Amino acid sequence: MQRRAASSPGCAASFDFRELRAITAGMKLFDGGRAPNPRRVRIFLAEKGIAVPLAPVDMGAMEHRGGDVAARNPLRRLPVLELDDGAVLCESVAICRYFEELHPEPALFGRGALGRALVEMWQRRIEFNLLMSVGHAFRHVHPAMKEWEVPQVPEWGEANKPKVLDFLAVLDAELASREFAAGDTFSIADITGLVAIDFMKPARIAVPQEFTNVIRWHRELAARPSAGA
Ligand SMILES: N[C@@H](CCC(=O)N[C@@H](CS)C(=O)NCC(=O)O)C(=O)O
């Protein structure tokens, strides 16, 4: 991974590249900078200590809707991983799973039957109930997203804001009794959670102060060096 500025909102630290454990020079990760899904993969790679060359895509200029990205991903979304034999992988979690198989340590998809199932459960819950709802609240309301989200339905964006808070209440109760989203160990579920909560800022949704466990959890995740990747 190339060195990049810690420009994502809510990132307190930058990744320490002395921690590198693997370099995958033949691959290319088409990256979307501050966008949440590309960031999920960069954080995952930083936690693993894996360096993948980045191919930056200017999403603000809609570069992802054509050219290299559209040629590799018919959905025209980022991130996209191209392997050294030309094979293409899309979907953030699929890309992360691929790296988990190649480099199992540290395990970020859980250990053992129950541990892996719990990570799957919380990763999906956080992705579907938090990240997606925040995404709808941002994309259907923010004026800058008018050309991205067609049709833009502001009422749908607004309808998602209470859904975000409802899920945060559930998560807050869970985090009262454990350190991380899926148990006592950091996992991809935490990465999705960190990215989703940081994405609440541009979506103009505040984390209510009474969710002290969520606030503690987010503070600790944001302080990890990987958060700056
Ligand atoms: N389910 C996909 C979602 C990918 C996605 O929606 N990426 C956003 C950036 S966070 C994107 O490329 N949006 C481009 C667009 O909507 O035109 C994943 O997990 O990777």
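In this predicted model, helices α6 and α7 are roughly perpendicular to each other. Helix α6 covers residues 188-199, and its axis lies 10 Å from that of α7. The two helices pack at an angle of about 100°. Because angles of 65 to 115 degrees count as roughly perpendicular, the pair falls in that class. On the α6 side, the contact is made by Asp190, Gly193, Leu194 and Ile197. On the α7 side, His218, Leu221 and Ala222 take part. By class, this contact has four nonpolar, two polar and one charged residues.

Helix α7 spans residues 212-223 and contains Glu220. Glu220 has 15 other C-beta atoms within 10 Å. A residue counts as buried with 20 or more such atoms and as exposed with 12 or fewer, so Glu220 is partly exposed. The C-alpha atoms of Glu220 and His64 are separated by 33 Å. Along the chain, these two residues are 156 residues apart.

The loop between α6 and α7 holds Arg204. Its phi is near 60°, a positive value in a residue other than glycine. Arg204 is exposed, because 11 other C-beta atoms lie within 10 Å. Arg76 also has a positive phi, near 55°. Arg76 sits in the loop between α2 and β5. With 15 other C-beta atoms within 10 Å, Arg76 is partly exposed. Most residues other than glycine have a negative phi, and most peptide bonds are trans.

Two cis peptide bonds can be described. One joins Leu78 and Pro79, with omega of about 10°. Pro79 lies in the loop between α2 (67-72) and β5 (80-82). Another runs from Val150 to Pro151, with omega near 0°. Pro151 is found in the loop between α4 (112-139) and α5 (154-175).

The residues around the ligand include Arg76, Leu78, Pro79 and His64. Gly32, Ala35, Pro36, Asn37, Arg77, Glu91, Ser92 and Trp148 are also part of this shell. By class, the shell has five nonpolar, four polar and three charged residues.

The protein chain is divided into domain 1 (17-102) and domain 2 (112-224). The domain centres, taken over C-alpha atoms, are separated by 21 Å. Seven residues of domain 1 are in contact with seven residues of domain 2. On the domain 1 side, α1 (36-48) and α3 (92-102) each supply at least two residues. Helix α1 gives the most, with five residues. This side of domain 1 has five nonpolar, no polar and two charged residues.

Notes. Residues are numbered from 1 along each chain as its sequence is written. This is a predicted model: local features need pLDDT of at least 70, side-chain atom pairs count only at pLDDT 80 or more; totals for chains, interfaces and linings use all residues. Helices (H or I, at least four residues) and strands (E, at least two) are DSSP runs, numbered from the N terminus. A residue is near a molecule or strand if its C-beta atom, placed from the backbone, lies within 6 Å of it. Ala, Val, Leu, Ile, Met, Phe, Trp, Tyr, Cys and Pro count as nonpolar, Asp, Glu, Lys and Arg as charged, and the others, Gly among them, as polar. Domain bounds come from an automatic or database domain assignment. Two residues are in contact if their C-beta atoms, placed from the backbone, lie within 7 Å. Axes are lines fitted to C-alpha atoms, for helices over the stretch in contact, and angles run from 0 to 180 degrees between N-to-C directions. Angles under 35 degrees count as roughly parallel, over 145 as roughly antiparallel, 65 to 115 as roughly perpendicular and the rest as oblique.
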